[in-house]
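Here are my notes on the model you sent over. I've kept them to the ligand, the pockets and a few spots in the backbone.

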Amino acid sequence: MALEVVVLAAGAGTRMRSRTPKVLHPLAGRPLLAHVLDTAFRLEPDQCHVVVGHPANEVKAHFQDESRISWVLQEPRLGSGDAAAQALPAVADDATVLVLLGDVPLVRAETLSRCVAAAGDGIALVTIDLPDPSGLGRILRRDSRITGIVEDADATAEQRAITEINTGILAAPKAVLGTLLETLDRNNNQGEYYLTDIVGKAEARGIAVTGIDGHVPEEVMGVNDRVQLAHLERYYQRGLADELMRQGVAVMDPSRLDIRGRLKAGRDCVVDVDVVFEGDVILGEGVQVGPGCVIRNSTLGDAVEVQPMSCIDGAVIAAGCRIGPYARLRPGTELAESVHIGNFVETKKASLGAGAKANHLAYLGDAAVGAGTNVGAGAITCNYDGVDKHRTEIGENVFIGTNATLVAPLTIDDEAYVGAGSTITKTVEREDLAIGRGRQRNIQGWTPPAKRRTDEGR
Ligand code: UD1
Ligand code: CA
């Protein structure tokens, strides 16, 4: 039988107190809605409808590359029941409809499959027992059969004591859903068409209602405010950290690790506290990442050591390199084996050959540094003339003295030396020593200004 998914995502998200639509708020670096859609697509539905509210542009723009979504505009927002009704005309008549909430991000495909399978000719809905059910729709049962859902705003004190809640996820054939949605009204405390009212209506018409247990609270919990979002973020991150540890990575504190993207790590990596991985990151075996590092879209070879507080973005780092502390590797950085990048060194579009070193306070931008070359403290490639970027090519086994200013475009050949404090603007040839600095002059018998004044007073 055909399956179509309807994701309700038009809610105003008032409780987030944000200019950003709620479903675009990130969890593990991706919008809530992206999580819901990923899971929905895993069921391979025939269609996936997403109901958005006005203005929908921001949400749509975010998913413009996703061709599997058919968008539905709900305007005005008249409640979840109305949102579902807006989507229905686009659904095939023989389809079973799975309704998901755009703000319930962590539901598992397996739970959804169970829900769809249980719908039959009636309604199946995912429920769960929560110690604190406040704010949520309560499941009403008689003789263990589900007879309705009462929203928190409309519940009596007695009903509020019920701990079984509605997760909002339900499945039913289109025909059943359509008939029931037509019967909804807005006579409730929020003046909305409640999707949840269809359950009571079904009961009255003899349509079967089946409850599916959601099992894990966080997997079926919604995000209405930033506190709930933070709770789900920690839950999700803990799951990722556990997975990493099972794969052989030592995580010093699984509650202080954030993975916002995809991380692949070899065995015996060690990840210290407060580390953030973003985008696609690949770690070889035995990589050590010190506290406070941020690593984004990068590949690190075996036994690379990243010392505390380093930022690595868009870099490819070969085995045995030592980075940091306080290093900043920017996109286009390529380090061959055993390169050392020390504190307060910044690289951008820079390649360093095997064993090259820049141990302190340097900027290497649009540069190639040959194997075995040593870049001294404070050495800077002046790659920008205010309009264009220029390259600096440094050969192998070169010695760049402290505080050298290398004005690009510039070539320094193999085995050359640059004296400390030099400003270098011309090619330095192989094995030459280049010195470009004012000569030192010593003035004998120099009288400092303070002393001069007392002399005048005499
Ligand atoms: C809803 C359920 C509640 C359930 C809870 C679970 C209703 C009436 N209540 O409450 O029983 O316990 O979810 O998290 O459904 N939406 C629209 N258009 C609208 C209004 C809402 O698309 O006009 C969408 C929202 O984007 C959201 C979903 O419907 O994804 C639920 O709306 P929300 O306002 O978040 O309802 P809750 O109070 O969380
Ligand atoms: Ca909600």
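1. A word on terms before anything else: a pocket here is an open set of points on a 1 Å grid, with protein on both sides within 12 Å along at least five of seven lines, and its lining residues have an atom within 4 Å of a point. Keep in mind too that this is a predicted model.

2. With that in hand, take the second largest pocket. Its lining runs to 25 residues, and those nearest the centre are H35, L106, Y236, L240 and E243. The space inside comes to about 700 Å³.

3. Which elements each supply at least two residues of that lining? They are α1 (32-42), α9 (226-246) and β13 (257-265). Of these, α9 gives the most to the lining of the second largest pocket, at 6 residues. Sorted by class, the lining has 12 nonpolar, 5 polar and 8 charged residues.

4. Now the largest pocket, which holds about 1400 Å³ of space. This one is lined by 48 residues, and R15, K22, L101, D103 and N224 lie nearest its centre. The split by class is 21 nonpolar, 18 polar and 9 charged.

5. For the elements behind the lining of the largest pocket, look at α3, β10 and α8 (217-220), each of which supplies at least two residues. The largest share is that of β10, with 5 residues.

6. What takes up the space of the largest pocket? That would be ligand 1. Two elements give two or more residues to the shell around ligand 1, namely α3 (80-87) and β10 (164-173).

7. The shell itself has 23 residues around ligand 1, and G11, Q74, S80, E151 and N166 come nearest. By class, the shell counts 8 nonpolar, 10 polar and 5 charged residues.

8. From N166, a backbone N or O atom lies 2.6 Å from a ligand oxygen. From E151, a polar side-chain atom is 2.7 Å from an oxygen of ligand 1. From G137, a polar backbone atom is 2.9 Å from a ligand oxygen. As for cover, ligand 1 taken alone exposes 740 Å², and the protein buries 90% of that.

9. On to the backbone. Most residues other than glycine have a negative phi, and most peptide bonds are trans. Against that background, please check the bond from E75 to P76, which is cis, with omega near -5 degrees. P76 is in the loop between β5 (69-74) and α3.

10. There is also a cis peptide bond between G324 and P325, with omega about 0 degrees. Where does P325 lie? Look in the loop between β22 (322-323) and β23 (328-329).

11. Last one: L361 has a positive phi, near 50 degrees, although L361 is not a glycine. L361 is found in strand β26 (residues 357-369).

Key:
Residues numbered from 1 in each chain as written. Chains lettered and ligands numbered in written order. Predicted model: local features only at pLDDT ≥ 70, side-chain atom pairs only at ≥ 80, totals over all residues. Heavy atoms only, no water. Near = heavy atom within 4 Å. Polar contact = N/O pair within 3.5 Å; in protein donor to acceptor, adjacent residues only side chain to side chain. Areas by Shrake-Rupley, 256 points an atom, 1.4 Å probe, with all protein chains shown as cover. 1 Å grid on protein atoms, 1.4 Å probe; cavity = no way out; pocket = protein on both sides within 12 Å on 5 of 7 lines; lining within 4 Å. Sits in = over half its atoms within 2 Å of the grid points. Helix = DSSP H or I, 4+ residues; strand = E, 2+ residues; numbered from the N terminus. Nonpolar A, V, L, I, M, F, W, Y, C, P; charged D, E, K, R; others polar. Points joined across faces, edges and corners; volume = space filled by probe spheres on them.
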